[in-house]
Amino acid sequence: QLFEKLNGKYLGVRKAHASGVCAVGEFQPNTQSELFKSAPLLTNGVLPVTLRFSMGGGNPMADERTTGTRGMGMQINLPDGARHIFTGNNFPVFAGKDPETFFGFLSTLLPDENGKRDPKKTQVYIKNNPSVQANVAWNAQAKTPTSFANTEFFGLHTFFYGTGTDPEQVKFRWQLTPDLGVKTLSKEQAQQLKPAFLADKLTNQINQDTVSFTLNAVIGEAQDVVNDPSVQWPSDRVQVALGKVVLKQSGGDACTPINFDPNVISQGFKASDDPVLKMRSMAYAISFGKRLSGQ
(Lines give C-alpha, C1' and ligand atoms only; values in the text may rest on other atoms or scores of the structure.)
Protein backbone atom coordinates (compact mmCIF):
# COMPACT_ATOMS: atom_id res chain seq x y z
CA GLN A 1 0.00 0.00 0.00
CA LEU A 2 2.85 2.38 0.78
CA PHE A 3 4.40 1.80 -2.65
CA GLU A 4 1.02 2.45 -4.29
CA LYS A 5 0.66 5.73 -2.37
CA LEU A 6 4.14 6.78 -3.48
CA ASN A 7 3.95 5.72 -7.12
CA GLY A 8 0.26 5.49 -7.95
CA LYS A 9 -1.82 2.36 -8.46
CA TYR A 10 -0.95 0.24 -11.49
CA LEU A 11 -2.93 -2.97 -11.92
CA GLY A 12 -1.27 -6.29 -12.71
CA VAL A 13 2.34 -5.15 -12.28
CA ARG A 14 4.97 -5.58 -9.60
CA LYS A 15 4.45 -3.16 -6.72
CA ALA A 16 8.17 -2.44 -6.59
CA HIS A 17 10.58 -2.55 -9.54
CA ALA A 18 7.55 -2.36 -11.85
CA SER A 19 9.50 -1.42 -14.98
CA GLY A 20 11.88 -4.10 -16.19
CA VAL A 21 13.14 -6.46 -18.85
CA CYS A 22 13.58 -10.23 -18.72
CA ALA A 23 16.59 -12.19 -19.94
CA VAL A 24 17.58 -15.85 -20.10
CA GLY A 25 20.97 -17.49 -20.12
CA GLU A 26 23.13 -19.97 -18.28
CA PHE A 27 25.13 -20.23 -15.08
CA GLN A 28 28.61 -21.66 -15.58
CA PRO A 29 29.83 -22.72 -12.13
CA ASN A 30 33.36 -22.28 -10.87
CA THR A 31 34.21 -25.88 -9.97
CA GLN A 32 37.55 -24.80 -8.50
CA SER A 33 35.94 -23.05 -5.55
CA GLU A 34 37.16 -24.66 -2.33
CA LEU A 35 34.77 -22.96 0.07
CA PHE A 36 31.63 -23.94 -1.85
CA LYS A 37 32.85 -27.09 -3.63
CA SER A 38 30.14 -29.43 -2.29
CA ALA A 39 27.23 -27.09 -3.09
CA PRO A 40 24.78 -28.59 -5.62
CA LEU A 41 24.71 -25.10 -7.15
CA LEU A 42 28.28 -25.72 -8.32
CA THR A 43 28.32 -29.50 -8.88
CA ASN A 44 25.61 -29.93 -11.54
CA GLY A 45 27.37 -28.39 -14.51
CA VAL A 46 25.90 -25.56 -16.54
CA LEU A 47 22.45 -24.52 -15.28
CA PRO A 48 19.64 -22.46 -16.87
CA VAL A 49 19.13 -18.94 -15.56
CA THR A 50 16.26 -16.46 -15.80
CA LEU A 51 16.97 -12.84 -14.85
CA ARG A 52 14.87 -9.72 -14.56
CA PHE A 53 16.54 -6.32 -14.63
CA SER A 54 14.48 -3.41 -13.38
CA MET A 55 14.10 0.21 -12.43
CA GLY A 56 13.34 1.07 -8.82
CA GLY A 57 9.86 2.20 -7.83
CA GLY A 58 6.34 1.17 -8.75
CA ASN A 59 5.88 3.09 -12.01
CA PRO A 60 5.90 0.69 -15.00
CA MET A 61 6.72 3.63 -17.29
CA ALA A 62 9.65 4.98 -15.26
CA ASP A 63 12.05 7.33 -17.05
CA GLU A 64 15.23 5.29 -17.54
CA ARG A 65 17.38 8.40 -17.95
CA THR A 66 17.13 9.12 -14.23
CA THR A 67 19.72 8.18 -11.63
CA GLY A 68 18.92 5.95 -8.68
CA THR A 69 17.89 2.36 -8.14
CA ARG A 70 18.40 -0.45 -10.63
CA GLY A 71 17.46 -3.96 -9.53
CA MET A 72 18.12 -7.53 -10.57
CA GLY A 73 16.37 -10.80 -9.77
CA MET A 74 17.93 -14.09 -10.87
CA GLN A 75 16.61 -17.64 -10.67
CA ILE A 76 18.98 -20.56 -11.23
CA ASN A 77 17.22 -23.90 -11.80
CA LEU A 78 18.84 -27.10 -10.51
CA PRO A 79 18.20 -30.54 -12.10
CA ASP A 80 16.24 -31.87 -9.11
CA GLY A 81 13.69 -29.06 -9.36
CA ALA A 82 15.32 -26.93 -6.67
CA ARG A 83 15.80 -23.23 -7.33
CA HIS A 84 18.29 -20.68 -6.09
CA ILE A 85 17.16 -17.06 -6.26
CA PHE A 86 19.43 -14.07 -5.98
CA THR A 87 18.24 -10.47 -5.80
CA GLY A 88 20.39 -7.37 -5.82
CA ASN A 89 20.42 -3.62 -6.32
CA ASN A 90 23.02 -1.26 -7.72
CA PHE A 91 23.46 0.37 -4.31
CA PRO A 92 25.67 -1.36 -1.71
CA VAL A 93 23.63 -0.42 1.37
CA PHE A 94 19.92 -0.56 2.20
CA ALA A 95 17.92 2.49 3.35
CA GLY A 96 17.40 1.34 6.93
CA LYS A 97 18.53 -1.29 9.41
CA ASP A 98 15.06 -2.88 9.57
CA PRO A 99 11.65 -2.70 7.84
CA GLU A 100 10.28 -0.16 10.34
CA THR A 101 13.10 2.30 9.65
CA PHE A 102 12.78 1.84 5.88
CA PHE A 103 9.01 2.32 5.84
CA GLY A 104 9.38 5.33 8.15
CA PHE A 105 11.76 6.88 5.63
CA LEU A 106 9.41 6.22 2.71
CA SER A 107 6.50 7.66 4.67
CA THR A 108 8.27 11.04 4.82
CA LEU A 109 8.19 11.10 1.01
CA LEU A 110 4.39 10.88 0.85
CA PRO A 111 2.58 14.03 -0.33
CA ASP A 112 0.20 15.82 2.06
CA GLU A 113 -3.49 16.49 1.41
CA ASN A 114 -2.48 19.26 -1.02
CA GLY A 115 -0.27 16.90 -3.00
CA LYS A 116 2.98 18.46 -1.78
CA ARG A 117 5.95 16.73 -0.21
CA ASP A 118 7.81 18.19 2.75
CA PRO A 119 11.59 17.89 2.24
CA LYS A 120 12.22 19.15 5.79
CA LYS A 121 10.34 16.17 7.22
CA THR A 122 12.59 13.84 5.22
CA GLN A 123 15.76 15.67 6.28
CA VAL A 124 14.82 15.46 9.96
CA TYR A 125 14.11 11.74 9.63
CA ILE A 126 17.46 11.11 7.96
CA LYS A 127 19.27 13.04 10.69
CA ASN A 128 17.51 11.08 13.44
CA ASN A 129 17.98 7.68 11.77
CA PRO A 130 21.66 7.05 11.00
CA SER A 131 21.01 3.71 9.28
CA VAL A 132 19.34 5.57 6.39
CA GLN A 133 22.26 7.92 5.80
CA ALA A 134 24.65 5.74 3.77
CA ASN A 135 21.95 4.93 1.21
CA VAL A 136 20.94 8.60 0.96
CA ALA A 137 24.60 9.55 0.41
CA TRP A 138 24.91 6.93 -2.34
CA ASN A 139 21.81 8.26 -4.11
CA ALA A 140 23.16 11.81 -3.94
CA GLN A 141 26.19 10.88 -6.07
CA ALA A 142 24.61 8.17 -8.27
CA LYS A 143 24.75 8.47 -12.05
CA THR A 144 22.58 6.92 -14.76
CA PRO A 145 23.77 3.40 -15.72
CA THR A 146 24.67 3.01 -19.40
CA SER A 147 23.05 -0.41 -19.51
CA PHE A 148 21.88 -3.23 -17.27
CA ALA A 149 24.86 -5.14 -18.74
CA ASN A 150 27.19 -2.48 -17.29
CA THR A 151 25.71 -2.37 -13.80
CA GLU A 152 27.02 -4.00 -10.63
CA PHE A 153 24.45 -5.51 -8.28
CA PHE A 154 24.87 -6.00 -4.52
CA GLY A 155 22.99 -8.69 -2.61
CA LEU A 156 22.91 -6.56 0.60
CA HIS A 157 21.93 -9.48 2.85
CA THR A 158 24.11 -12.03 4.63
CA PHE A 159 23.86 -15.77 3.99
CA PHE A 160 25.72 -18.79 5.32
CA TYR A 161 27.05 -21.88 3.61
CA GLY A 162 28.09 -25.14 5.22
CA THR A 163 27.03 -28.71 5.85
CA GLY A 164 26.28 -30.14 9.27
CA THR A 165 29.81 -31.53 9.55
CA ASP A 166 31.53 -28.20 8.94
CA PRO A 167 33.20 -26.80 12.06
CA GLU A 168 32.38 -23.28 10.91
CA GLN A 169 29.94 -22.02 8.32
CA VAL A 170 31.01 -19.55 5.63
CA LYS A 171 29.47 -16.12 6.10
CA PHE A 172 29.04 -14.20 2.84
CA ARG A 173 27.12 -11.68 0.75
CA TRP A 174 26.36 -11.99 -2.96
CA GLN A 175 27.73 -9.59 -5.56
CA LEU A 176 27.20 -9.64 -9.32
CA THR A 177 29.89 -7.83 -11.34
CA PRO A 178 29.51 -7.07 -15.08
CA ASP A 179 32.34 -8.49 -17.16
CA LEU A 180 31.87 -5.61 -19.65
CA GLY A 181 32.67 -3.19 -16.82
CA VAL A 182 30.61 -0.70 -14.84
CA LYS A 183 29.70 2.28 -17.05
CA THR A 184 27.53 5.32 -16.36
CA LEU A 185 26.23 8.36 -18.22
CA SER A 186 26.54 12.02 -17.35
CA LYS A 187 23.31 13.98 -16.94
CA GLU A 188 23.85 15.53 -20.38
CA GLN A 189 24.50 12.17 -22.05
CA ALA A 190 21.43 10.63 -20.43
CA GLN A 191 19.16 13.42 -21.67
CA GLN A 192 20.17 12.63 -25.27
CA LEU A 193 18.49 9.24 -24.97
CA LYS A 194 14.81 8.34 -25.15
CA PRO A 195 13.01 7.75 -21.81
CA ALA A 196 12.96 3.97 -22.37
CA PHE A 197 16.30 2.79 -23.77
CA LEU A 198 17.49 -0.02 -21.51
CA ALA A 199 15.66 -2.98 -23.12
CA ASP A 200 16.92 -2.12 -26.62
CA LYS A 201 20.43 -1.48 -25.31
CA LEU A 202 20.56 -4.89 -23.62
CA THR A 203 19.27 -6.70 -26.73
CA ASN A 204 21.85 -4.96 -28.93
CA GLN A 205 24.69 -5.84 -26.56
CA ILE A 206 23.66 -9.51 -26.42
CA ASN A 207 23.52 -9.63 -30.22
CA GLN A 208 26.90 -7.97 -30.67
CA ASP A 209 28.98 -9.16 -27.72
CA THR A 210 29.21 -11.66 -24.87
CA VAL A 211 27.15 -10.22 -22.04
CA SER A 212 28.16 -11.90 -18.80
CA PHE A 213 28.51 -11.30 -15.09
CA THR A 214 30.73 -12.87 -12.43
CA LEU A 215 28.74 -14.10 -9.43
CA ASN A 216 30.91 -13.54 -6.37
CA ALA A 217 30.61 -14.42 -2.71
CA VAL A 218 32.09 -11.68 -0.55
CA ILE A 219 33.43 -13.56 2.49
CA GLY A 220 32.64 -11.98 5.83
CA GLU A 221 34.94 -11.92 8.83
CA ALA A 222 33.93 -12.49 12.44
CA GLN A 223 33.41 -8.81 13.19
CA ASP A 224 31.26 -8.11 10.11
CA VAL A 225 27.61 -7.31 10.84
CA VAL A 226 25.14 -10.06 9.89
CA ASN A 227 21.63 -8.70 10.32
CA ASP A 228 21.91 -5.08 9.17
CA PRO A 229 21.84 -4.48 5.38
CA SER A 230 22.38 -0.73 5.92
CA VAL A 231 26.02 -1.45 6.81
CA GLN A 232 28.48 -2.27 4.04
CA TRP A 233 31.33 -4.66 4.75
CA PRO A 234 34.88 -3.32 4.26
CA SER A 235 36.06 -3.26 0.64
CA ASP A 236 39.10 -5.46 1.36
CA ARG A 237 37.05 -8.61 2.03
CA VAL A 238 38.00 -11.71 0.04
CA GLN A 239 35.77 -12.41 -2.96
CA VAL A 240 35.26 -15.96 -4.24
CA ALA A 241 33.91 -16.42 -7.76
CA LEU A 242 31.01 -18.87 -7.78
CA GLY A 243 30.66 -18.78 -11.53
CA LYS A 244 29.68 -16.86 -14.66
CA VAL A 245 26.18 -15.80 -15.68
CA VAL A 246 26.05 -15.55 -19.47
CA LEU A 247 23.02 -13.93 -21.11
CA LYS A 248 21.72 -15.53 -24.31
CA GLN A 249 18.53 -13.60 -25.04
CA SER A 250 16.46 -10.73 -23.63
CA GLY A 251 12.80 -9.78 -23.81
CA GLY A 252 9.83 -12.11 -23.52
CA ASP A 253 7.65 -13.24 -20.63
CA ALA A 254 9.81 -15.87 -18.91
CA CYS A 255 9.95 -13.74 -15.76
CA THR A 256 6.19 -13.22 -15.46
CA PRO A 257 5.45 -16.37 -13.38
CA ILE A 258 8.52 -15.93 -11.14
CA ASN A 259 8.41 -14.50 -7.62
CA PHE A 260 12.02 -13.47 -7.01
CA ASP A 261 12.11 -14.23 -3.28
CA PRO A 262 15.77 -14.22 -2.13
CA ASN A 263 14.92 -16.63 0.69
CA VAL A 264 14.52 -19.42 -1.90
CA ILE A 265 17.98 -20.99 -1.82
CA SER A 266 19.50 -24.35 -2.68
CA GLN A 267 20.95 -27.09 -0.48
CA GLY A 268 23.78 -26.12 1.86
CA PHE A 269 22.87 -22.43 2.01
CA LYS A 270 21.06 -20.70 4.87
CA ALA A 271 19.59 -17.23 5.19
CA SER A 272 20.55 -14.98 8.10
CA ASP A 273 18.05 -13.49 10.54
CA ASP A 274 18.25 -10.12 8.78
CA PRO A 275 14.77 -8.61 9.40
CA VAL A 276 14.72 -6.90 5.99
CA LEU A 277 15.52 -10.22 4.28
CA LYS A 278 12.75 -11.94 6.25
CA MET A 279 10.26 -9.20 5.35
CA ARG A 280 10.89 -9.75 1.64
CA SER A 281 9.19 -13.18 1.59
CA MET A 282 5.86 -11.85 2.84
CA ALA A 283 5.99 -8.63 0.82
CA TYR A 284 6.94 -10.42 -2.39
CA ALA A 285 4.24 -13.06 -1.92
CA ILE A 286 1.53 -10.40 -1.48
CA SER A 287 2.76 -8.49 -4.53
CA PHE A 288 2.98 -11.73 -6.55
CA GLY A 289 -0.60 -12.68 -5.72
CA LYS A 290 -1.92 -9.22 -6.55
CA ARG A 291 -0.02 -9.08 -9.81
CA LEU A 292 -1.22 -12.44 -11.10
CA SER A 293 -4.83 -11.65 -10.13
CA GLY A 294 -4.70 -8.32 -11.97
CA GLN A 295 -4.71 -6.13 -8.87
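Tutor: In this predicted model, a search of the whole structure finds nine salt bridges.

Student: What makes E221 and R237 a salt bridge?
Tutor: The closest N and O atoms of E221 and R237 are 3.7 Å apart. The criterion asks for a side-chain nitrogen of Lys or Arg within 4 Å of a carboxyl oxygen of Asp or Glu, so the pair E221 and R237 qualifies. Both residues lie in the loop between strand 9 and strand 10, 16 residues apart.

Student: Why is E221 called partly exposed, and why is R237 called buried?
Tutor: Buried means under 20% relative accessible area and exposed means over 50%, with partly exposed in between. E221 has 38% relative accessibility, so E221 counts as partly exposed. R237 has 9%, and therefore counts as buried.

Student: What makes K278 and D273 a salt bridge?
Tutor: The N to O value for K278 and D273 is 3.8 Å, which is within 4 Å, so this pair meets the criterion. K278 and D273 are both exposed.

Student: Why can such side chains pair at all?
Tutor: Side chains of opposite charge can pair when their charged atoms come close.

Student: Let us turn to the rings. How many aromatic pairs does the structure hold?
Tutor: There are 17 aromatic pairs.

Student: Why is the pair of F86 and W174 called edge-to-face?
Tutor: The ring centres of F86 and W174 are 5.9 Å apart and the planes stand at 75 degrees. Centres within 6.5 Å make a pair and planes over 60 degrees apart count as edge-to-face, so F86 and W174 are an edge-to-face pair. F86 belongs to strand 4 (residues 83-89) and W174 to strand 7 (residues 170-178), so that distant parts of the chain, 88 residues apart, are linked. Both F86 and W174 are buried.

Student: Why is the pair of W174 and F269 called tilted?
Tutor: For W174 and F269 the planes are at 35 degrees and the centres 6.0 Å apart, so the pair is tilted: stacked would need planes under 30 degrees apart, and edge-to-face over 60. F269 is in strand 11 (residues 269-271), 95 residues from W174 in strand 7. W174 has a relative accessible area of 4% and is therefore buried, while F269, at 10%, counts as buried.

Student: Which residues form one aromatic cluster?
Tutor: The cluster is formed by F36, F86, F159, Y161, F172, W174 and F269.

Student: What makes P195 partly exposed?
Tutor: P195 has a relative accessible area of 42%, which falls between 20% and 50%, so P195 is partly exposed. P195 sits in the loop between helix 6 (187-191) and helix 7 (198-208).

Key:
Residues are numbered from 1 along each chain as its sequence is written. This is a predicted model: local features need pLDDT of at least 70, side-chain atom pairs count only at pLDDT 80 or more; totals for chains, interfaces and linings use all residues. Side-chain values use heavy atoms; hydrogens and water are left out. Helices (H or I, at least four residues) and strands (E, at least two) are DSSP runs, numbered from the N terminus. Buried means under 20% relative accessible area, exposed over 50%, partly exposed in between (1.4 Å probe, protein chains only).
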